[in-house]
Amino acid sequence: MGMFDWYKPVPDLRCPICEIVLGDWQGKNADCALFLWQQGVPYPIDQITGDEECCISEEVRKQIRLPEEFEFYTSCENCPDYRIVAECKTENGVWKNVEKIRLDKKPKLPRKWFDRR
Ligand SMILES: [Zn+2]
């Protein structure tokens, strides 16, 4: 179970193009157990599985840390051609700040890819 974790930057990050506040950040560099990581807190503040029984205990959760470098991403409703990626590092195991926000152009499959036999 679990394919990614949730991330909550504090303060909220804005779209570099249209400047609306973004949410629903997801990333795959940590445990991918649907943890909710909040900037400034060393351990995941929650685990959002939709099912209490799948959650690990709070005691165990508080032992978990982010990797030294990680990134997470979201989409902007106004800017559908891009994926917005935030690159972060931890300091002594704690997520202190967002190093960089980058725009990745979403790949479009070329037409000939479909026509090829
Ligand atoms: Zn935007």
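This report describes the overall build of the protein and then a set of its residues.

The structure is a predicted model, in which local features need pLDDT of at least 70, side-chain atom pairs count only at pLDDT 80 or more, and totals for chains, interfaces and linings use all residues. Residues are numbered from 1 along each chain as its sequence is written, and side-chain values use heavy atoms, with hydrogens and water left out.

## Overall build

The protein contains two helices and seven strands. Helices (H or I, at least four residues) and strands (E, at least two) are DSSP runs numbered from the N terminus. Read from the N terminus, the order of elements is β-β-β-β-α-β-β-β-α. The C-alpha trace spans about 55 × 35 × 25 Å along its principal axes.

Of the 117 residues in the protein, 31% are buried. Here buried means under 20% relative accessible area, exposed means over 50%, and partly exposed lies in between (1.4 Å probe, protein chains only). The accessible surface comes to about 7,900 Å², and carbon and sulfur atoms account for 48% of that surface. Accessible areas come from the Shrake-Rupley method with a 1.4 Å probe, and for residues only the protein chains shown count as cover.

Contact means heavy atoms within 4.5 Å. Among contacts between residues at least 6 apart in sequence, 50% join residues at least 24 apart.

The protein carries 18 positive and 21 negative side chains, and the centres of the two sets lie 10 Å apart. Lys and Arg count as positive and Asp and Glu as negative, while His and the chain ends are not counted. The place of a charge is taken as NZ of Lys, CZ of Arg, CG of Asp or CD of Glu.

## Aromatic residues

Rings of Phe, Tyr and Trp (its six-membered ring) pair if their centres lie within 6.5 Å; planes under 30 degrees apart count as stacked, over 60 as edge-to-face and the rest as tilted. By this rule the protein has nine aromatic pairs. One of them is formed by Trp25 and Phe72, which count as edge-to-face because their ring centres are 5.2 Å apart and their planes stand at 80°. This pair links distant parts of the chain, since Trp25 belongs to strand β2 (residues 25-27) and Phe72 to strand β5 (residues 69-76), 47 residues apart. Phe35 and Trp37 form another edge-to-face pair, with ring centres 6.4 Å apart and planes at 80°.

| Residue | Relative accessible area | Class |
|---|---|---|
| Trp25 | 2% | buried |
| Phe72 | 0% | buried |
| Phe35 | 3% | buried |
| Trp37 | 0% | buried |

Trp25 and Phe72 also belong to one aromatic cluster, together with Tyr7, Phe70 and Trp95. Trp37 lies in strand β3. Its C-alpha atom is separated by 8.8 Å from that of Trp95, although Trp37 and Trp95 are 58 residues apart along the chain.

Gln39 is located in the loop between β3 (35-38) and β4 (46-47), and counts as buried at 12% relative accessibility. Its side chain makes polar contacts, defined as pairs of N or O atoms within 3.5 Å; within protein, one must be able to donate a hydrogen and the other to accept it, and residues adjacent in sequence count only if both atoms are side-chain atoms. A polar atom of the Gln39 side chain lies 2.9 Å from the backbone nitrogen of Val10. The Gln39 side chain also reaches the backbone oxygen of Lys96 at 3.0 Å. Leaving aside residues up to four places away in sequence, Gln39 touches Lys8, Pro9, Val10, Trp95, Lys96, Asn97 and Val98.

Val10 is also joined to Pro11 by a cis peptide bond, with omega about -5°. Pro11 lies in the loop between β1 (5-8) and β2.

Asp46 is placed in strand β4 and counts as partly exposed at 36% relative accessibility. Not counting residues up to four places away in sequence, Asp46 touches Leu34, Phe35, Leu36 and Arg61.

Leu34, one of these partners of Asp46, has phi near 60°, a positive value in a residue other than glycine. Leu34 sits in the loop between β2 and β3 and is buried, at 16% relative accessibility. Asn92 likewise has a positive phi, near 50°, and is a residue other than glycine. Asn92 occupies the loop between β6 (79-91) and β7 (94-105) and is exposed, with a relative accessible area of 79%.
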